[in-house]
Amino acid sequence: MEKLAIKGGFPVRTSKLYYGRQWINEDDIAAVEDVLRGDLITCGPKVDEFETALCDYTGAKHAVAVNSGTSALHCACIAAGIGEGDEVITTPITFAASANCALYCGAKPVFADIDPENYNIDPDSIRAHITDKTRAVVAVDYTGQAAKIDEIRKICDENGLVFIEDAAHSIGTSYNGRKVGSLADMTCFSFHPVKTITGGEGGAILTNDDELYKKLVLAHTHGITHDESMMEGAPHEGMWYYEMISLGYNYRMTDFQAALLISQLSRIDSFVARRKEIVKIYDEEFAKVPQLIVQKEIPESDTSRHLYVIRLNFDNISCTRREFFDAMSAENVQCQIHYVPVYWFPYYEHLGYKKGLCPKAEEVYKGIMSIPLYPKMTDRDVEDTVHAVKKVCSYYAK
Ligand SMILES: Cc1ncc(COP(=O)(O)O)c(C=O)c1O
């Protein structure tokens, strides 16, 4: 048997592979440079152009570009009218921002459990957590796989809830033939460098609803409007005049970020295709490894995978997740864990959340690990990752 690098053997590769990374080419650099050499580096035409491109790509009616996925979620909660005393249902297996957006508005995040096979929020658990204070559901498309959109839509309609889709992972995914972006009341994207397209940082909120759109525009730029029809009666002083009519933030995207994103979006089909190719190889290689469980796909989702998550099958493996993670790292394949159940974090504990709230999520969390997945991976990188995973699995096989 091959000896693990961590036990004094040779690593599978000499240079580190990371779980995710951007792919910037010369066109991207030229697009950014062009803006930087021009007059407007923020609030210029590129942001509008990017918003239009996002609508064309997803089929959504409106898009508002912002400076992060987190601000996208915050704006969505503001537009949904979420406030003090309200409850917002979300999943614990997500980045903290999916729940924090409720806290920003003075509301309480309520955690529904996940489906232990596909790891997305379980619609039955959403139903079980609805109270007369529930105002919205923030459903996350974990790893890029769409949540059960139709069922969640139905639950929201039946209970008068706003459906916010946290699609930070899922640009490029379709659900029953429709692109993510036009499915929920509001859809939030993130353009952090590990995501499918990047602006360095960045985000966007998409909606088909004209009223929500107006609120999103206000929320992301100080609640300020130049639109006379929205003003409250102060005398119109001329072209320069504006009014602040609600409480908003400066969540604007710069023009050079938008230029980078327009250029990235023009290559999204090739990014998605390469991600799918790698996922297919991983699925085939790992399906027969008894030490692993692979994430189940739902047939409705044609998934552009942002993360590839392996789950250790503790019936067949003798190591801890920590030992597996450290062994992979010693093989120079740097994994990551997505995610610690949000309510386990000290901040949430101090708010009164207790372990045990979502037993299925907690059980899944114990065994999961994201392995490298990004379009710029070479075939050799993919082979090395498969080799390292199988090497560690066979070393620790029960
Ligand atoms: C599921 C999820 N939601 C929200 C966010 C927040 O996005 P950002 O990092 O762009 O603020 C992330 C980012 O990692 C995420 O993974």
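This is a predicted model: local features need pLDDT of at least 70, side-chain atom pairs count only at pLDDT 80 or more; totals for chains, interfaces and linings use all residues.

Trainee: Where does the ligand sit?

Mentor: Start with the pocket. The ligand sits in the largest pocket. Two elements give two or more residues each to the shell around the ligand: helix H3 (69–79) and helix H4 (97–104). H3 supplies the largest share, 3 residues.

Trainee: Which residues come nearest to the ligand?

Mentor: There are 16 residues around the ligand. Gly 69, Thr 70, Asp 166, Ser 190 and Lys 195 come nearest. By class, the shell has 6 nonpolar, 8 polar and 2 charged residues.

Trainee: How do I read the side-chain contacts?

Mentor: Look for pairs of N or O atoms within 3.5 Å. The side chain of Thr 70 places an N or O atom 2.5 Å from a ligand oxygen. An oxygen atom of the ligand is 2.8 Å from a side-chain N or O atom of Lys 195. Now check the cover. The ligand alone exposes 380 Å², and the protein buries 91% of that.

Trainee: Take Asn 100. Why does Asn 100 count as buried?

Mentor: Compare its relative accessibility with the cut-off. Buried means under 20%. Asn 100 has 18% relative accessibility, so Asn 100 counts as buried. Asn 100 is found in helix H4.

Trainee: Which side chain does Asn 100 contact?

Mentor: The Asn 100 side chain makes a polar contact with the side chain of Tyr 348, at 2.7 Å.

Technical notes
Residues are numbered from 1 along each chain as its sequence is written. Side-chain values use heavy atoms; hydrogens and water are left out. A residue is near a molecule or strand if one of its heavy atoms lies within 4 Å of it. A polar contact is a pair of N or O atoms within 3.5 Å; within protein, one must be able to donate a hydrogen and the other to accept it, and residues adjacent in sequence count only if both atoms are side-chain atoms. Accessible areas come from the Shrake-Rupley method with a 1.4 Å probe; for residues, only the protein chains shown count as cover. On a 1 Å grid over the protein atoms alone, a cavity is a set of points where a 1.4 Å probe fits but cannot get out, and a pocket is an open set with protein on both sides within 12 Å along at least five of seven lines; lining residues have an atom within 4 Å of a point. A molecule sits in a cavity or pocket if more than half of its atoms lie within 2 Å of its grid points. Helices (H or I, at least four residues) and strands (E, at least two) are DSSP runs, numbered from the N terminus. Ala, Val, Leu, Ile, Met, Phe, Trp, Tyr, Cys and Pro count as nonpolar, Asp, Glu, Lys and Arg as charged, and the others, Gly among them, as polar. Buried means under 20% relative accessible area, exposed over 50%, partly exposed in between (1.4 Å probe, protein chains only).
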